[in-house]
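Thanks for coming. I have one structure to go through today, and I will take it element by element. Please have the sequence and the model open.

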Amino acid sequence: MVPIASLWDEVRELSLGTSATKIERLDSPPSPLHFLRNFVSPNKPCIISNAISHWPALSLWPNHSYLSHSLSNSSVSLHITPHGRADSLVPTSTNAHSLCFASAHVERVPFTLALDRVLTSERGKYVAYLQQQNDCFRTEYAAALGSDCDAHIGWATEALGCLPEAVNLWIGNHLSETSFHKDHYENLYAVVSGQKDFLLLPPTDVHRLYIRNYPAAQYFYSQENGEFRLEMEEPVRYVPWCSVDPYPSPQAEDSERAKFPSYFNGPKPFKCTVKAGEVLYLPSMWFHHVRQSPDEKGCTIAINYWYDMQFDIKYAYFNFLQSIHCGPRLTQTKHETSGSDVSNCNLSDKSCKGALVLVGVESNQDSKDE
C-alpha cells in the first residue's frame with residue numbers, strides 16, 4: 001500500500017508541478033504546440049479563459065425564449081431521475097443494502113416541454129436533465145444552434161490532430177449531479193451559463209475510488225401517476241463504477257469514511273469551478289465528479305468536445321496499475337460478489353485478466369457522462 005500511496009503524492013509533484021489542489025489557469029487560449037507540450041502530453045488539466053468569448057451562444061442561450069423559438073420544431077432527448085443522479089449507484093428496489101448502477105429514464109419530447117421540466121424539477125418528484133450523449137449537439141441541436149458556437153476548438157483540434165469524436169450539450173439545474181467516473185477522451189468542456197464545480201483525481205488515484213462491478217438497472221417514469229420504478233436488466237449485466245460518494249449525507253458520513261479510507265484519508269481531490277465563458281481541459285482517464293449552479297434564470301448550460309485519446313503506453317500503464325492489488329478487500333454485497341473486484345484484483349489471480357478486459361471496454365459506458 002505504501003508504494004501506491006507514495007505515487008499519489010509523486011504524481012502531484014512531478015506531473016502537476018505542485019502538491020496543492022489548484023488547477024492551472026490560462027488567461028487566453030494556448031497555441032497548439034503549447035497545449036500539446038504543456039497539458040496533453042503530461043496529462044495535465046487546465047482552465048482557459050477568453051477561449052469562447054466570440055461565441056454568440058454566451059449572450060443568446062441564457063435567453064430561454066431564444067432557445068424555445070430556435071428549437072420550436074425540435075424533439076430532444078430528456079433524462080429523468082427521482083433525485084438528479086443518473087448513471088450512479090442507488091439501492092436496488094428489493095434490498096436497501098444492495099447497490100446497482102442506475103441509468104435515467106429517457107424520452108423524446110418537444111424542446112419547449114423539456115426545458116419546462118428542467119426548470120420545474122423538484123427532488124423527490126423528478127429531476128430532468130437535457131443530456132443525451134454520444135454527439136447529441138450535432139444530432140439534435142446543431143441545425144438550429146450550430147451557428148452560435150464553434151464546431152470544434154481550433155487550437156485543440158490542431159494539437160490533437162483530429163476533429164472531435166462527439167460534441168454534447170448539457171442543460172440542467174442545481175439538482176443534477178454526476179458521480180465519479182472517467183472518460184477515454186480528451187475533453188474540452190465549455191460553460192455557457194451558470195457554473196460547474198468539478199472534483200478531479202488523476203488516473204494514478206484509481207485505487208482510491210474502489211471501482212467495483214454493479215448490476216445495471218434502468219429507471220422508468222410514468223407521466224400518469226408521477227412515479228418511478230427501478231428495474232434490473234435481464235440478463236444481468238455488470239458495470240464497473242466508482243464506489244465513492246465524495247459528499248455523503250451527515251447520517252452516512254462515518255460509514256462512508258470507514259468503507260473508503262483511501263479516498264477520505266488520502267490527498268485531497270483537485271477542486272475547480274468553471275464559470276460561464278471558461279473552458280476546462282479535462283485529460284483522458286482523469287476521474288471527475290460534477291455539480292453545478294444555475295444562472296439567475298435557473299439553468300446551467302454547457303457544451304463539451306470529446307476528442308479521441310491516444311491508446312498509447314500511458315493507457316497500458318493505467319491498466320497495469322489498476323490491476324495491482326492495493327490494500328484489503330472491502331466487504332461486498334450479494335450483488336457485488338458475483339462480479340470481479342476491479343480495483344483490488346491481484347496479478348496472480350486469473351480473475352484479474354477479466355478485470356482488465358472490463359476496464360479496456362469501459363469507454364462505452366464512460367461516454368454517457370460529463
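This is a predicted model: local features need pLDDT of at least 70, side-chain atom pairs count only at pLDDT 80 or more; totals for chains, interfaces and linings use all residues.

I start with a pair of strands. Strand 12 and strand 13, the latter covering residues 228-232, pair in the antiparallel sense over five bridges. The two strands form a hairpin with six residues between them. In the turn, Gly-226 has a positive phi of about 70 degrees.

Gly-124 and Glu-227 are 103 residues apart in sequence, yet their C-alpha atoms are 9.8 Å apart in space. Gly-124 lies in the loop between helix 5, residues 111-119, and strand 7. Is Gly-124 buried or exposed? With a relative accessible area of 69%, Gly-124 is exposed.

The peptide bond from Glu-234 to Pro-235 is cis, with omega near -5 degrees.

Now the overall picture. The protein chain has 370 residues, and 55% of them count as buried. It contains 13 helices and 18 strands. The chain exposes about 16000 Å², and carbon and sulfur atoms supply 53% of that area. Of the contacts between residues at least 6 apart in sequence, 81% join residues at least 24 apart.

The largest nonpolar core has 48 residues. Which residues have the most contacts inside it? They are Trp-55, Trp-61, Leu-188 and Ile-303. Leaving out residues up to four places away in sequence, Trp-61 touches a list of partners that includes Tyr-66, Phe-137, Leu-145, Leu-169, Val-192, Ile-301 and Ile-303. Asp-148 and Cys-149 are also among the residues that Trp-61 touches. Apart from this core lies another, of 21 residues, among them Tyr-263, Tyr-315, Phe-318 and Cys-326.

On to the aromatic pairs, of which the structure holds 19. I will show two. In the one formed by Tyr-129 and Trp-170, the ring centres are 6.1 Å apart and the planes are at 45 degrees, so the pair is tilted. Tyr-129 lies in strand 7, residues 127-130, and Trp-170 in strand 8, residues 166-172, so the pair ties together parts that are 41 residues apart in sequence. Tyr-129 counts as buried at 7% relative accessibility, and Trp-170 counts as buried at 1%.

The other is Tyr-210 with Phe-260. Their ring centres are 5.0 Å apart with planes at 55 degrees; edge-to-face would need over 60, so this pair is tilted as well. The two residues are 50 residues apart and both sit in loops: Tyr-210 between strand 11 and strand 12, Phe-260 between helix 8 and helix 9. Tyr-210 is buried, with a relative accessible area of 6%, and Phe-260 is buried at 5%.

Tyr-210 has a backbone feature too: a positive phi of about 50 degrees, although it is not a glycine. Asp-87 is another non-glycine residue with a positive phi, near 50 degrees. Asp-87 is in the loop between strand 3, residues 75-81, and strand 4, residues 88-91. Why does Asp-87 count as buried? Its relative accessible area is 7%, and the cut-off for buried is under 20%.

Last, the arginines. Arg-208 lies over the face of Trp-8, at 5.3 Å from the ring centre. Arg-291 lies over the face of Tyr-247, at 3.8 Å from the ring centre. Arg-12 is found in helix 1, residues 2-14, and is buried, with a relative accessible area of 2%. From Arg-12 to Thr-204 the separation is 192 residues in sequence and 10.0 Å in space, C-alpha to C-alpha.

That is what I have. Thank you.

Methods
Residues are numbered from 1 along each chain as its sequence is written. Side-chain values use heavy atoms; hydrogens and water are left out. Helices (H or I, at least four residues) and strands (E, at least two) are DSSP runs, numbered from the N terminus. Buried means under 20% relative accessible area, exposed over 50%, partly exposed in between (1.4 Å probe, protein chains only). Contact means heavy atoms within 4.5 Å. Accessible areas come from the Shrake-Rupley method with a 1.4 Å probe; for residues, only the protein chains shown count as cover. A nonpolar core is a set of buried Ala, Val, Leu, Ile, Met, Phe, Trp, Tyr and Cys residues joined through side-chain atoms within 4.5 Å. Rings of Phe, Tyr and Trp (its six-membered ring) pair if their centres lie within 6.5 Å; planes under 30 degrees apart count as stacked, over 60 as edge-to-face and the rest as tilted. A charge sits over a ring if NZ of Lys or CZ of Arg is within 6 Å of the ring centre and within 35 degrees of the ring normal. Two strands pair if DSSP finds at least two bridges between them.
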